[in-house]
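Work through the exercises below with the sequence and the model open. Try each task before reading its solution.

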Amino acid sequence: MEFSIFVAKVIAVIYLSLGVGLLFNGGYYQKVFIKLINDATYLILGGIIAIIIGFIIITNHNIWTKNWTVIVTIIGWIALIKGVLLLAFPSFSKFFKPLFNNGNLTKILAPIVLIFGLIFAYFGFFSS
């Protein structure tokens, strides 16, 4: 349970920071996301980091229970799969390019990311 709380705290800080950034600087993030998708170096680095994070989470927390901690396990698996896809099939990222060309994506994404950040903040900082 301690690892679940630790991961929830880390995710909360990242999601809340990104959510606020998307809310107040949506145009900036839209440009950055497009640059990231078009740059092979960032895709490879992102894939490696996603694999590392996913592997660390799964190795320490591959727990399938009927409570909130299963979300940590799911995030670990999603990170691992995302990393493998980015390294094995880099052209797969081009599928998301049209989404980032739409200026409304950051407006839609900001509240979703903030909500997830608040949920993880609750479980990581306040529920224990």
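**Exercise 1. A serine and its surroundings**

Locate Ser4, decide whether Ser4 is buried or exposed, and find its side-chain partner.

Solution. 
- Step 1. Ser4 sits in helix 1. The model is a predicted one.
- Step 2. Read off the relative accessible area of Ser4: 2%. Buried means under 20%, so Ser4 is buried.
- Step 3. List the contacts, leaving out residues up to four places away in sequence. Ser4 touches His61, Trp68, Thr69 and Val72.
- Step 4. Look for a polar contact. The side chains of Ser4 and His61 are joined by one of 2.4 Å.

**Exercise 2. Helix 6**

Compare the reach of helix 6 with the expected value, then find what covers its buried residues.

Solution. 
- Step 1. Helix 6 covers residues 105–126, 22 residues in all.
- Step 2. From first C-alpha to last, helix 6 reaches 31 Å. At 1.5 Å a residue, 32 Å is expected, so the two values are close.
- Step 3. Pick out buried residues. Among them are Leu105, Ala110, Val113, Gly117, Phe120 and Gly124.
- Step 4. Name the cover. It includes helix 1, helix 2, helix 4 and helix 5.

**Exercise 3. Two aromatic pairs**

Classify the pairs Tyr28–Tyr29 and Trp68–Phe123 by ring geometry.

Solution. 
- Step 1. The whole structure holds seven aromatic pairs.
- Step 2. For Tyr28 and Tyr29, the ring centres are 5.3 Å apart and the planes lie at 85 degrees, so this pair is edge-to-face. Tyr28 is exposed, at 54% relative accessibility.
- Step 3. For Trp68 and Phe123, the centres are 4.7 Å apart with 5 degrees between the planes, and the pair is stacked.
- Step 4. Check burial. Trp68 is buried at 13% relative accessible area, and Phe123 is buried at 18%.
- Step 5. Trp68 is in the loop between helix 3 and helix 4, and Phe123 is in helix 6, so the pair ties together parts 55 residues apart in sequence.

Conventions
Residues are numbered from 1 along each chain as its sequence is written. This is a predicted model: local features need pLDDT of at least 70, side-chain atom pairs count only at pLDDT 80 or more; totals for chains, interfaces and linings use all residues. Side-chain values use heavy atoms; hydrogens and water are left out. Helices (H or I, at least four residues) and strands (E, at least two) are DSSP runs, numbered from the N terminus. Buried means under 20% relative accessible area, exposed over 50%, partly exposed in between (1.4 Å probe, protein chains only). Contact means heavy atoms within 4.5 Å. A polar contact is a pair of N or O atoms within 3.5 Å; within protein, one must be able to donate a hydrogen and the other to accept it, and residues adjacent in sequence count only if both atoms are side-chain atoms. Rings of Phe, Tyr and Trp (its six-membered ring) pair if their centres lie within 6.5 Å; planes under 30 degrees apart count as stacked, over 60 as edge-to-face and the rest as tilted.
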